[in-house]
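This report sets out the architecture of a two-chain model. The sequence and structure are shown below, followed by the description.

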Amino acid sequence: MTRKNAIVQLIRGENPGYTPHHFDLTLKMTDRLAEYYGYDRDGVEDYIGNHLLYLDPETGFRNSVKGNFVDEFGTTWDTAGNYDIGDWGMVDFPIKDFDFSNYIFPDGKSEGRYDTAIKVMEKYKDRFNVMRITGPLNLGWYTMGFSDFLIGMLVEKETIHMVFDKVTEYICNLIDRIPAGVDAVRMIEDWGIQSGLMFSKELWMEYLYPSYSQIYQKIRSKGLYVMQHSCGDITDLMPVMVELGVDVIDAMQPEAMDIAQIKKEFGRDIVLFGGLGSQSTIPCGTPAEVIAEAASTLKIMSAGGKYIFGPAGSIPTEAPIENVVALVDFCKSLAEKGI
Amino acid sequence: MSIFNEISENLQQGKAKVVKELVQQAVNEGYPAKQILEDGLLAGMTIIGEKFKNNDIFVPEVLVAARAMNMGAALLKPYLMEAGVKASGKVCIGTVKGDLHDIGKNLVKMMMEGRGLEVVDLGTDVAAEKFIETAREQDCQIICCSALLTTTMGMMKDVVAMADGAGIHANTKIMVGGAPVTESFCSKIGADKYSADAVSAADAAVEICRNLIIERTSKGSVGSV
């Protein structure tokens, strides 16, 4: 069975015969593993048995551009140095004081955006191909700063509704142009903090429900599966995720959520992905402790299926290599043992 | 309703312009600046802090309240200076070297300012030397370090070591926080206080500053607080 088929079976509620896994890795951890195993960056992901093949539309950010880069939204990113942590390398944004009077939103219709993704898919044919797209909340705050955006959700509603409309249109246009061969779209957002949602569920329903209704519908219209990522505690949104028909949700951070309870309540209705803490044992424990926690997490989360095993969030760059290798070996044995 | 309650209520609702007008009105009516600050602005932020801690409100509500407080506080500042009213303590805060996450740090800053502390915000990606240099130059009672990544929290150890090396650790306490940070990590690196959330951090900072004042007073030393 291919890794792609295992994920598809899982999403369909069938039993692939083992628990698939996927590790999110920082670029530097990928390089460390590549050096350890003797592969290049793409090859090591394949070797460690990752079931998902992450692909990205070209906005320039995820290319290895040294120094500062200004994307099509006018947001400035620092992609150099230690900032291989994804979208948190933002250093400046184009909109100040809610003034959009001279701003033109990108429409997402430019050509050639998926050229690299197509080449990557041709190289690795065994995996479940996932196009990662930044969600409307994150895109919104990239244009105007986190603080102003959240303040605006309360006191500048007309402006924020406009922003959501524009970025939703952009996202839907990106999805429209996704090439053949992609299996799913994974929307990337940050809705939660360690202790709950970052903003009220009422605000989520006001701004994000209409946006995501459109986005998820667009994804499904392309025959693709819907994956949703959010950091933090999003327990209060799980019923909405099920209602909106999300197929796979991650990261299921155990430091922030009661993942056993989540599994119990929603595990039949949606595939849970993640669940293994990446903030504690992996970077700070021993290989034996990592394996023990992995086994314990697997036992809870894989009951009844509909689970993709993996760390919740990226494995930190400085995690001891022996811990990561132990986890890789553990995961690769799951298929062999039929666990 | 007293004007202080009106200031507090409108601050909690994030009505920044109204808060500013009410603060001006209170000044015009002859109320002491310190009382306007404490019974109006800080009282409102204290309620906001408790509600946030109890998950009754969320980050946007805290941000709009803080914005209202800052607008009122900015208007009050010259009157406070004229009356010789000083902050109850001074903190320099930042996210450690290599870390760009500032949500938590910004919330801590707002809560600390809401408790009457003066906060020097060093931003993100702050080198250990910068924390020490600022604490020294601005006579801070507290260095407050934030980290969201396990890869960067180790930098907090450098801050502690540098504070020890510079001989300032006795009079400048080091607070740490952030998602991967724990009480045991705090003890292990020799920091003074770990806080799990922004409100607790503000409470702890107020207590630390108060204790340092008492210590300084009992030793007969004269400082900025």
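## Domains of chain B

The C-alpha centres of domain 1 and domain 2 of chain B lie 25 Å apart. Domain 1 spans residues 3-82 and domain 2 spans residues 90-219 in the assignment for chain B, the bounds being taken from an automatic or database domain assignment. The model is predicted: local features need pLDDT of at least 70 and side-chain atom pairs count only at pLDDT 80 or more, while totals for chains, interfaces and linings use all residues. Residues are numbered from 1 along each chain as its sequence is written, and chains are lettered from A and ligands numbered from 1 in the order in which they are written.

Between these domains of chain B, 10 residues of domain 1 are in contact with 9 residues of domain 2; contact requires C-beta atoms, placed from the backbone, to lie within 7 Å. On the domain 1 side, helix H3 (33-53) and helix H4 (59-82) of chain B are the elements that give two or more residues. Helices here are DSSP runs of H or I with at least four residues, strands are E runs of at least two, and both are numbered from the N terminus. H3(B) supplies the largest share of that side, 7 residues. By class, the domain 1 side holds 7 nonpolar, 2 polar and 1 charged residues. Nonpolar covers Ala, Val, Leu, Ile, Met, Phe, Trp, Tyr, Cys and Pro; charged covers Asp, Glu, Lys and Arg; the others, Gly among them, are polar.

## The sheet of chain B

Chain B contains an open sheet of 5 strands in the order E2-E1-E3-E4-E5, with parallel pairing. Pairing requires at least two DSSP bridges between two strands.

Strands E1 (90-95) and E3 (142-146) of chain B pair in the parallel sense over 5 bridges. B:Gly94 has B:Cys145 in E3(B) as its bridge partner. Helix H6 (128-137) of chain B packs on the sheet and touches E1, E2 and E3 of chain B.

## Contact between the chains

25 residues of chain A are in contact with 20 residues of chain B. Helix H6 (146-155) and strand E8 (196-197) of chain A are the elements that give two or more residues to the chain A side. H6(A) gives the most, with 7 residues. The chain A side divides into 15 nonpolar, 9 polar and 1 charged residues.

Note on methods: Contact = placed C-beta atoms within 7 Å. Axes fitted to C-alpha atoms, helices over the stretch in contact; angles between N-to-C directions.
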